[in-house]
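Dear colleague,

Please find the structure below.

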Amino acid sequence: MAGFFQKHRNELGLVIATFVVLALTAAISPSYHSLATTQRTMESIGRETGVIGIMAIGAAIVIIAGGIDLSAGSVAAFSGMLFCGVIVLLAPDDPSAPWPQDSTRFLPSLSGLPLWIPLVALAVTLLAGLLVGTLHTWLITVIELPPFVATLASLVGLRSLARLLIEDMTVIRYGQEQSSITLEDRLLTSIGRGNWWVPGVIWMLLCIGMWVLLSRTIAGRHLYALGGNEQAARLSGIRTDRLKWLAYSISSVTAALSGVLLVCYVGGSRPSNDALGYELSAIAASVVGGCSLAGGVGTIVGVMLGTLFMRVVIDSVAKVFRSQPDLLEGLVVGVLVVLAVAFNELRGEGLKKSFFPGLFGWLNVGILSGLIGLVVAVTSQESHLRNGLIAGGGVLAVLLAKALSERVNGRASGSGG
């Protein structure tokens, strides 16, 4: 039993942390004080967890393989545009809606679409995701660009390309440039609304598939080996280029699928805003779930729990801080990522490590104290200055005590030696 808890302590810690956050939010916010509001909150968490979780699974596969994919948000935005654009191009004309500039041409009818149209659009979109992943692999393996640079280029470029393409598509079908496309088909827009569970079910199925891949196949074991030591994996005969293609293709296809689910939920595509920052949320969920950015470490169950924990925390921030909660989301995600990475790095040493050595340590005692005091001040509902000073002063006292104890212990061990 002790071995089980030791092996799965990250996953068990995330389960406990999730319930703690839910309990604290329920005590503070009225959102959990009735069955109806609790149900709406759970539906929202389930839907958002599914959309981000699908993307996080792809990000985790790449991280386990020793890479990084920064393009997922832009791939999702591009894919959502492509999905809506193909539907608009294939949709039948609406004889009752002529073009304003040309009465001989008609606007597309986007309600009651034949099922084959969204299926073709989905196939085209997923194929585009596969091609993006293949391009990333070529840039990394043949051109030998660092994964950070290769996927950063897509992060910047794909969203701009989507904004250009959507204008051309809307000119063809609407006779004028538009920066967005609205979906009107009830079946599509019900995904994530009335049928809020659809993203979650797709996410669970993908998680099962990726768990089988990583834990029950030779390719999965090779992905871990690739992330652990690429040179050793290559020398042992593993085809590392093919594994990288597999990892980056999975990441791009899952991002494309998330983009489709996102536009179905919001009811259309607007590439300038769709999935902004989602790539960082996906990476953060993977890291919080136990994936090491050094590669070779991570589990699908951990990523699932990390995604759920992140979503619950963000939802709690929105409920506790009702005034502009989006301003705090980035801060919360950043803190969680730092804590998760630090926890993974310090598992062996724990508090025995020297955190504040030399002058550099004293400077960071002041920086951390001031930063925490500032965060408390700006997030307080009232008495900003007082709360900030109290929090900053308390943290300063603790960190000073830690820094002094490190120096005392260092002298003692030096004299003892």
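In which helix is the place of valine 212? Valine 212 lies in helix H8, where helices are DSSP runs of H or I with at least four residues and strands are runs of E with at least two, numbered from the N terminus. This is a predicted model, in which local features need pLDDT of at least 70, side-chain atom pairs count only at pLDDT 80 or more, and totals for chains, interfaces and linings use all residues. Residues are numbered from 1 along each chain as its sequence is written, and side-chain values use heavy atoms, leaving out hydrogens and water.

Valine 212 has a relative accessible area of 34% and is therefore partly exposed (buried means under 20%, exposed over 50%, partly exposed in between, with a 1.4 Å probe and protein chains only).

The structure also holds six salt bridges, each a side-chain nitrogen of Lys or Arg within 4 Å of a carboxyl oxygen of Asp or Glu. One of them pairs arginine 173 with aspartate 93, whose closest N and O atoms are 3.1 Å apart. This pair links distant parts of the chain, since arginine 173 is in helix H6 and aspartate 93 in strand S1, 80 residues apart. Arginine 173 counts as buried because its relative accessibility is 10%, whereas aspartate 93, at 42%, is partly exposed.

Another salt bridge joins glutamate 406 to lysine 402, with the closest N and O atoms 3.6 Å apart. These two residues are four residues apart in helix H16, so about one helical turn separates them.

Yours sincerely
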